[in-house]
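Student: I am new to this structure. Could we go through how to read a few of its features, one at a time?

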Amino acid sequence: MADFKAKALELHKKFRGKIEVKSKVPAKTAEDLSLAYTPGVAEPCKLIAENKDLSYEYTSRWNMVAVVSDGTAVLGLGDIGPYAAMPVMEGKALLFKEFAGVDAFPICLDTKDPDKIVEVVKLLEPTFGGINLEDIAAPNCFYIEERLKKETSIPIFHDDQHGTAIVTLAALINALKIVNKDISKIKVVVNGAGASATAVSKLIMASGVKNLIMCDSKGIIYRGRQEGMNKYKEELAQITNPENIKGTLKDALKGADVFIGLSKAKQVTEEMVKSMNKDAIVFAMANPEPEIYPDEAKRAGARIVATGRSDFPNQVNNVLAFPGVFRGALDVRATDISEKMKIAASYAISSLVAENELNEDYILPKAFDARVAPTVAREVAKAALEEGIARIKISPDDVFKHTLELLEKSGS
């Protein structure tokens with residue numbers, strides 16, 4: 001581990017960052033400069049002044065995403081601030097480019113005021129085709145996303161929420177195939193009530209889960225609870241826990257079919273897993289240390305276990321979702337990233353594990369599976385077109401081909 005940390009520091013210091021800007025047009029002759037800059041640049045400017053949507057045709061806006069963070073909830077590091085968040089946002093931009101050919105720019109804001117963040121992002125709309133909110137702590141992340149979705153006309157996506165939700169649903173779809181259980185009849189327990197847990201719960205419920213119980217550090221969330229509640233937990237209390245039971249995580253897990261952990265280490269014991277239903281599914285996704293380690297969960301009777309870590313089977317990795325989601329949204333110029341588009345992305349990811357390959361240790365495609373981003377982009381674009389939130393008509397198959405072309409061009 002010490003050697004790994006040293007190598008990581010060496011890489012970052014050697015390259016002084018992980019991304020750079022490169023020109024797409026030549027600037028070698030006087031004519032080159034005249035066409036790309038003055039006086040030639042005035043021609044597209046005049047057209048865009050008459051119709052701002054032409055910015056998608058005459059500038060790089062069609063392919064540009066801002067990765068926006070205030071540094072308040074960075075990976076497992078917490079509130080480390082905007083300067084320290086920059087390496088992570090650069091890394092996100094790198095993944096956008098390498099996995100889906102998207103040009104992403106890290107923007108770390110030195111404020112925790114959600115209204116200021118909203119205002120800055122709104123002012124950036126003429127430059128970007130989409131906004132990826134990143135590592136912003138709850139509840140501010142909910143408020144910021146809600147406002148931006150209402151007050152801008154470009155896709156807004158908080159990856160900590162929705163990327164996690166998309167990949168979790170994909171994993172659940174395939175896990176349920178193995179244990180032969182109906183999504184509408186299972187009992188799901190989610191531990192954690194932050195950004196990712198909230199989004200996961202809402203997405204899997206939109207996909208058919210009817211009996212879901214959420215827990216936070218105070219125990220089960222139920223209607224009428226006073227301690228540790230806020231407006232977002234109150235909303236969750238209205239749509240989860242249909243029998244309105246009270247108690248602890250241990251109480252909630254009795255007779256559960258699925259556990260989804262998005263909390264912190266060592267929250268689940270072997271005894272608690274033993275109290276779950278036969279063929280239990282355990283997604284222990286706290287990082288860097290899961291709620292329960294896979295060997296412990298399996299020893300206690302869990303059939304399928306997933307984590308957020310790459311050193312165990314079934315890593316729930318957001319890179320399976322966000323590059324392709326944005327590629328599809330950008331290519332059809334979607335005005336939003338809807339629930340239908342997210343669910344389409346989940347099914348696209350799950351479909352890449354063939355029935356004859358599917359097993360307890362292989363419920364998700366690998367991060368470097370070259371089929372993922374094109375397939376996700378195609379299905380997301382298709383959903384946007386069907387929902388009527390795509391501003392241009394393009395065949396989903398052409399989106400697939402375009403993604404492949406961009407990846408080939410970037411050498412990915």
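Predicted model: local features only at pLDDT ≥ 70, side-chain atom pairs only at ≥ 80, totals over all residues.

Student: Where does S69 lie?

Tutor: S69 belongs to strand β1, which covers residues 64-69.

Student: Is S69 buried or exposed?

Tutor: Buried means under 20% relative accessible area. S69 has 1%, so S69 is buried. Setting aside neighbours within four places in sequence, the residues in contact with S69 include A85, M89, I107, E134 and D135.

Student: How is a pair of aromatic rings described?

Tutor: By the distance of the centres and the angle of the planes. The count here is 7 aromatic pairs. One of them joins Y293 and F312, with 6.0 Å centre to centre and 70° between the planes, which is edge-to-face.

Student: Which parts does the pair of Y293 and F312 tie together?

Tutor: Y293 is in the loop between β9 (280-284) and α13 (294-299), and F312 is in the loop between β10 (302-307) and α14 (322-331), so the pair links parts 19 residues apart in sequence. Y293 is partly exposed at 25% relative accessible area, and F312 is also partly exposed, at 24%.

Student: Which residues form an aromatic cluster?

Tutor: F96, F157, F322 and F326 form one. Over the ring of F322 sits the charged end of K92, 4.0 Å from the ring centre.

Student: Which residues does UniProt list for the domain "Malic enzyme NAD-binding"?

Tutor: The unreviewed UniProt entry lists residues 161-385. That span is 41% helix and 12% strand, and its end C-alpha atoms lie 23 Å apart.

Conventions: Residues numbered from 1 in each chain as written. Heavy atoms only, no water. Phe/Tyr/Trp six-rings, centres within 6.5 Å; stacked < 30°, edge-to-face > 60°. Helix = DSSP H or I, 4+ residues; strand = E, 2+ residues; numbered from the N terminus. Buried < 20%, exposed > 50% of the residue type's maximum accessible area, 1.4 Å probe, protein only. Lys NZ or Arg CZ within 6 Å of the ring centre and 35° of its normal. UniProt positions renumbered as here; feature names shortened; annotations may be inferred. Contact = heavy atoms within 4.5 Å.
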